[in-house]
Amino acid sequence: MVNKIVLDQASMQRALTRITYEILEHNKGGQNLILVGVKTRGEYLAHRIADRLEQLEGVKIPVMAIDISDYRDDRLSNHTKLGLDEDDRVNIIDKNIVLVDDVLFTGRTTRAALDALIQIGRPKTISLAVLIDRGHRELPIRADFVGKNIPTAQNEKIQVRVKEIDDVDEVEIVH
Amino acid sequence: MERHLILEDGTVFSGQGFGAPATTFGEIIFDTATSGYQETITNPIYDGQMIVFAMPVVGADGIHAEAYESINPKIRGMIVHDLAEVSTNRQRRMNLDRFLKQHNIPGLYQVDTRKLIRHLRETGSQKATIVDVVDDHARDQLQATVLTNKQVQNTATTKAYSNPGRGFHIVVIDFGLKNGILRVLGDYDANVTVLPYTTSVDEVLTLDPDGIILSTGPGNPEDLPESVLTLIRVLQSKVPMLGIGLGHELFALANNSELTTLPAEYHGMNHPIQEIISQEMIYARQGRGYVVDPDALDTKKLFVTHRDMVDNSIQGLRHRDFPAFSVQFFPDGAPGPLEAKRVFADFFETVVDYVQKNN
């Protein structure tokens, strides 16, 4: 099977740029905004969006990383391990949260991230930004900001690579 | 035959005539680009203007069927340093001299264009005339000439028309559209409807567009009726919008911002432009006599997305509340660097997003 690059570096940058503009449009200049990246790659994407917001508005938007491993619905857990690092935990109560992930697929990761977030406070709003929406939802979840919609088959895999850890910015469909 | 260029300030430049032997009046500006003279002289933004080319030799490419930016050129004159004679037999191309004769446009070559451009940089855009004889009569005629401010009426379509495709339905509001915009929309297989700028909001919305483009065009945006600004204000809140050139200036005016007139117009493609959000640099063809005044920008409504790195002028704006944005430069690459075409890619991605959210 042949793997196929569906987003190269330039289009990935542009997708993040457009997502940033849309986030600004819906959050009135980034007031009260917090970006929460879903580990692993969502965290880097959240930082990229925060950098763009800073270029435009000159404000630093807080970025947090969330680890949803203890909130997955395919493992039994009593959620003892909080999803957010102690160090970068900000008060999320009454804030507008944008959850950032690389790929939206079944929606189960997002569901887990919502649970993890709500356990530590009650934000005013939570919206969802994803670089890739590949379809096949199993839960009633939809993204507010989408970099690119890529229709896929169930058995295909979407591999998002980011410079920070993969040395390259690209998205590939792996068969 | 020796002919002469007289400027409003009285200065005379002499050269040899080519093109039509007519006497002409117009506003004189200069172009620093080193390619794309055919696209430039056929671009409707130059309605009523005479263009001095900084490029030392002009005409070496002849005239091509694929490089028209409008059917009928609206420039009033062309001033070059040296004119290249191109055989009309070679690839059956027409040459510049014959083209100008057909359209009754006079040209002047063997002119000291470096000196002329330096002079225009100092004294600014002004009225000028190309004549056979420099005498009191010619000077009086020039002083008495009143240049039109109805350039958009002269160049924009008065009737709606379609440029069909199988993709998104894009409405272009025509203020003196250049072909390059339609060419790029064709690359996206867009289903295009071009409308006169006098079209009402209801007429536009009845067409159910997926996106709206405010076209490039000639003249001073403040000469257009207030109804245009109302049209923009309503449409920007409903459908994704991209303003280009004059369309960008109108987008700014519609959003409570003001313009300033440049002392000398800038026409060229050698200024780096920064996309602020990504800090990336691009080059694009520019042609502007007005820029958005940074001190009179309504930052509650708009923010700056692009800047010219040479004169720091505002080159791009975006609305804070709607998917509406605009660029001062020409992103269609006709003529000019192709990298600026990404503006259209951004526009179509915004359109995709809009269509998906509203279905």
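**Ground rules.** This is a predicted model, so I note that local features need pLDDT of at least 70 and side-chain atom pairs count only at pLDDT 80 or more, while totals for chains, interfaces and linings use all residues. Residues are numbered from 1 along each chain as its sequence is written, and chains are lettered from A, ligands numbered from 1, in the order in which they are written.

**Chain B overall.** I looked up the elements of chain B and found 10 helices and 21 strands (DSSP runs numbered from the N terminus: helices are H or I with at least four residues, strands E with at least two). The radius of gyration of chain B is 20 Å, close to the 21 Å that the globule rule gives for 359 residues, so chain B is as compact as a globular protein of that length. Here the radius is taken over C-alpha atoms, and the rule is 2.2 Å times the number of residues to the power 0.38. I also boxed the C-alpha atoms of chain B along the principal axes and got roughly 65 × 45 × 40 Å.

**Contacts in chain B.** I call two residues in contact if their C-beta atoms, placed from the backbone, lie within 7 Å. Of the contacts in chain B with a separation of 6 or more, 74% are between residues 24 or more positions apart.

**The sheet in chain B.** I traced 10 strands of chain B in an open sheet with mixed pairing, in the order E10-E12-E11-E13-E14-E21-E20-E19-E16-E17. Strands pair if DSSP finds at least two bridges between them. At the edges I found E10 (161-163) and E17 (280-283) of chain B, each pairing on one side only. E10(B) runs antiparallel to E12 (residues 191-196) of chain B, with three bridges between them. One I looked up: B:Asn163 has B:Val192 in E12(B) as its bridge partner.

**Where the chains meet.** How many residues of chain A are in contact with chain B? I got 13, against 16 residues of chain B. Helices H1 (9-26) and H2 (41-57) of chain A each give two or more residues to that side of chain A, and H1(A) gives the most, with eight.

**A strand pair in chain A.** E7 (residues 157-161) and E8 (residues 170-174) of chain A run antiparallel, joined by five bridges. In this pair, A:Val160 stands opposite A:Val171 in E8(A).
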